[in-house]
Amino acid sequence: MLSGCTSDIVGDDSVAVAERFAAQGYPVVGTETAGFKGSSYYGHEIVIKSIIEQFIGSVEPKVQRGLVNVFAVVPFQDPFWRGDLEEIKRVLTGIGLEVNILFGNGSAGISEWANIPNAQFNLLISPSTGIDIVKLLQEKYDTPYLQYPLLPVGAKETSQFLRDVSVFAGLSPIRTERFIKEEEKRFYDYFISVSDFIGEYWNNLPVDFYTVGDSIYAPGISAFLVDELGLTPKKIYLTDELKPEWQQIITESLSARDRKLVTALTFENDGGRIEADIRQSADKAKRSIILGSSWEKFLALDIGSLYAYLSLPLDETVILNDTYTGYNGGLHLMSEIYSAVFKRKTATSRSIF
């Protein structure tokens, strides 16, 4: 049971109401989530912590080796969250883990949440949101956690992600490497197949990019664009409120991939300032692609750049189980970037900007 601004302002005790139903055996949790108390990321964390405290409670863990709880993208705040969580579960299952994904189509629902204390470890795929959750679980149930601060996108990062998780979980390296080999072969088969398109339309393709998104999503996307597609980052705008220690985690993670990513990194949640900053280089943006929301789409159209969707709000697309995460997500992102060429109606195999 979540409260809104009106009920919190007038002092309605929605938590007490939830407690009365919980006392009768119903799986009901109450928490105060008025919008003026914080962002969607803050609300996501306090709801999960309330479920842990009120629904799961103080129980004695029965640790199941190979069981992992995953905390990653924020549902609905990430427009691709359903597909992202499905892909994360798929690749983790592929190396031999049993996965409590907790949200989305791949979740078993209440039974998964009740099983949280029994996990061998918790996996946080985020540099920011979710840290307090895994620390609470460590304190409450003595469950260790692994934080992977960059969303794995594409073959290179996803393979490294799986190797790190495999080592932490004590899994068989033989099985892990076999799965990685199969996935990489498939990924690069598709990757190579687009070479004819690149050769035909290279004059239309972007050479650099801007990303506008949150700290969970934009850094991993940007690393993929640099490491695997060879694009140059012009600016990476992170739009959520970040503590100094979270900013440091992001900076160190990107620095370990490519120093160009750190140079392009900007912590900015003012959309007007982001637009003005991009417009300053509008005359140089003809070979750029802007990955962001519908606001950035209109900006891209105005200054003659390409665009692809990355973050909310979105005004002209329906997303079901699309993903930019993992091996499948990297392929989908590559498809979106190259398809952006045809949104520019004048693009042909012989056209130049």
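In what order do the strands of the open sheet of four strands stand? The legends below answer this and then move to other parts of the predicted model.

**View 1. The open sheet of four strands has the order 2-1-3-4.** Its pairing is parallel. Strand 2 (98-100) and strand 4 (145-147) are the edge strands. Each of these two pairs on one side only. From one strand to the next, the twist averages 25°.

**View 2. Strand 3 meets strand 4, and helix 7 packs on the sheet.** Strand 3 covers residues 119-124. Strand 3 and strand 4 pair in the parallel sense, over three bridges. Here L123 stands opposite L146 in strand 4. Helix 7 touches strand 1 (64-71), strand 3 and strand 4. The direction of helix 7 makes about 150° with that of strand 3.

**View 3. K156 lies in helix 7, which spans residues 154-169.** Is K156 buried, partly exposed or exposed? K156 is partly exposed, because its relative accessible area is 49%, which falls between the 20% limit for buried and the 50% limit for exposed. Leaving aside neighbours within four places in sequence, K156 is in contact with Y188, D227 and E228. Along the chain, K156 and D227 are 71 residues apart. Their C-alpha atoms are separated by 8.0 Å.

**View 4. The second largest cavity has a volume of about 40 Å³.** Helix 7 and helix 10 (218-227) each supply at least two lining residues. The largest share, four residues, comes from helix 10. By class, this lining divides into three nonpolar, one polar and four charged residues.

**View 5. The largest cavity has a volume of about 60 Å³.** How many cavities of 30 Å³ or more does a search of the whole structure find? The search finds two. The largest cavity is lined by H44, I48, V70, F71, A72, V73, L85, I101, L102 and F103. Helix 3 (40-56) and strand 1 are the elements that give two or more residues to this lining. The lining has nine nonpolar residues, one polar residue and no charged residues.

**View 6. An open sheet of five strands has the order 7-6-5-8-9.** The pairing in this sheet is parallel. Strand 7 (265-267) and strand 9 (306-309) stand at the edges. Each has a single partner strand, so one side of each is left without a neighbour in the sheet. The twist averages 15° from one strand to the next.

**View 7. Strand 8 and strand 9 pair, and helix 14 lies across them.** Strand 8 covers residues 288-292. Strand 8 and strand 9 run in the parallel sense over four bridges. The bridge partner of G292 is Y309, in strand 9. Helix 14 lies across strand 5 as well as strand 8 and strand 9. Helix 14 runs at about 170° to strand 9.

**View 8. The largest pocket holds about 440 Å³ of space.** Its lining is made by 24 residues. V212, T239, W295, S311 and L312 lie nearest the pocket centre. Strand 5 (208-213), helix 13 (271-280) and helix 14 (294-303) are the elements that give two or more residues to the lining. Which element gives the largest share of the lining? Helix 14 does, with four residues. By class, the pocket lining has 11 nonpolar, seven polar and six charged residues.

Technical notes:
Residues are numbered from 1 along each chain as its sequence is written. This is a predicted model: local features need pLDDT of at least 70, side-chain atom pairs count only at pLDDT 80 or more; totals for chains, interfaces and linings use all residues. Side-chain values use heavy atoms; hydrogens and water are left out. On a 1 Å grid over the protein atoms alone, a cavity is a set of points where a 1.4 Å probe fits but cannot get out, and a pocket is an open set with protein on both sides within 12 Å along at least five of seven lines; lining residues have an atom within 4 Å of a point. Grid points are joined across faces, edges and corners, and a volume is the space filled by probe spheres set on the points. Ala, Val, Leu, Ile, Met, Phe, Trp, Tyr, Cys and Pro count as nonpolar, Asp, Glu, Lys and Arg as charged, and the others, Gly among them, as polar. Buried means under 20% relative accessible area, exposed over 50%, partly exposed in between (1.4 Å probe, protein chains only). Contact means heavy atoms within 4.5 Å. Two strands pair if DSSP finds at least two bridges between them. Axes are lines fitted to C-alpha atoms, for helices over the stretch in contact, and angles run from 0 to 180 degrees between N-to-C directions.
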